[in-house]
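Please look over the sequence and the structure before reading on.

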Amino acid sequence: MNKLIIKGEDYRAVVDYCLKEKPNEACGIMAGKREEEGGRVTRVYLMKNTKASPKEYLMEPEEQFAVFKDMRQKGLELISIFHSHPHSPARPSAKDIAMAHYKEAIYTIISLEKAKEVMRAFLISDDKYREIGLKIEE
Ligand SMILES: [Zn+2]
């Protein structure tokens, strides 16, 4: 996937959730369809950060299992795993890179360090990351 495609309302829902969880990191999953143009998000899952930390996140295994089950039942594919950086730029940290276990997923990071949020999308594999496009559709 070389682009993350997300509807404006889903974008807002993710950003609002990240703002609500600030100063801690927020996390979740974006699901939808893998298309030629990129990964099209049709549903976002706002999930609990079990670390409840401003510097790291970890999804709860049971909640993650339930989300993957819901995705399967709805015929949705994993498009992206997102989390926020309340106090740092929208760039994968060393830990984000080390913890990026889903090579086929887009890693989306929302930075809240400035007044206006910044969302960026990355592919992470073999200890390297590469930024890809982000398209917000109304
Ligand atoms: Zn991070």
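The points below treat the overall fold, the barrel, the helices and the nonpolar core in turn.

This is a predicted model, in which local features need pLDDT of at least 70 and side-chain atom pairs count only at pLDDT 80 or more, while totals for chains, interfaces and linings use all residues. Residues are numbered from 1 along each chain as its sequence is written. The protein chain contains three helices and seven strands; here helices (H or I, at least four residues) and strands (E, at least two) are DSSP runs, numbered from the N terminus.

**Overall fold**

- From the N terminus on, the order of elements is β-α-β-β-α-β-α-β-β-β.
- The radius of gyration, taken over C-alpha atoms, is 14 Å, close to the 14 Å that the globule rule (2.2 Å times the number of residues to the power 0.38) gives for 138 residues, so the protein chain is as compact as a globular protein of that length.
- The C-alpha trace spans about 35 × 35 × 30 Å along its principal axes.

**The barrel**

- Seven strands close into a barrel in the order β1-β3-β2-β4-β5-β6-β7, with mixed pairing; two strands pair if DSSP finds at least two bridges between them.
- β4 and β5 run parallel and are joined by six bridges, and S84 has I110 in β5 as its bridge partner.
- Strand β5 (residues 106–111) runs antiparallel to strand β6 (residues 118–125), with five bridges between them; the two form a hairpin with six residues between them.
- β6 also pairs with strand β7 (residues 128–137) in the antiparallel sense over five bridges.
- The hairpin of β6 and β7 has two residues between the strands, and D126 in the turn has a positive phi of about 50 degrees.

**Helices against the sheet**

- Helix α2 (residues 61–74) lies across β2, β3 and β4 and runs at about 145 degrees to β3; axes are lines fitted to C-alpha atoms, for helices over the stretch in contact, and angles run from 0 to 180 degrees between N-to-C directions.

**The nonpolar core**

- The largest nonpolar core has 31 residues, of which M30, I106 and Y107 touch the most other members.
- Such a core is a set of buried Ala, Val, Leu, Ile, Met, Phe, Trp, Tyr and Cys residues joined through C-beta atoms within 7 Å; a residue is buried if 20 or more other C-beta atoms, placed from the backbone, lie within 10 Å of its own.
- Buried residues make up 33% of the 138 residues in the protein chain.

Conventions
Buried ≥ 20, exposed ≤ 12 C-beta atoms within 10 Å, placed from the backbone. Contact = placed C-beta atoms within 7 Å.
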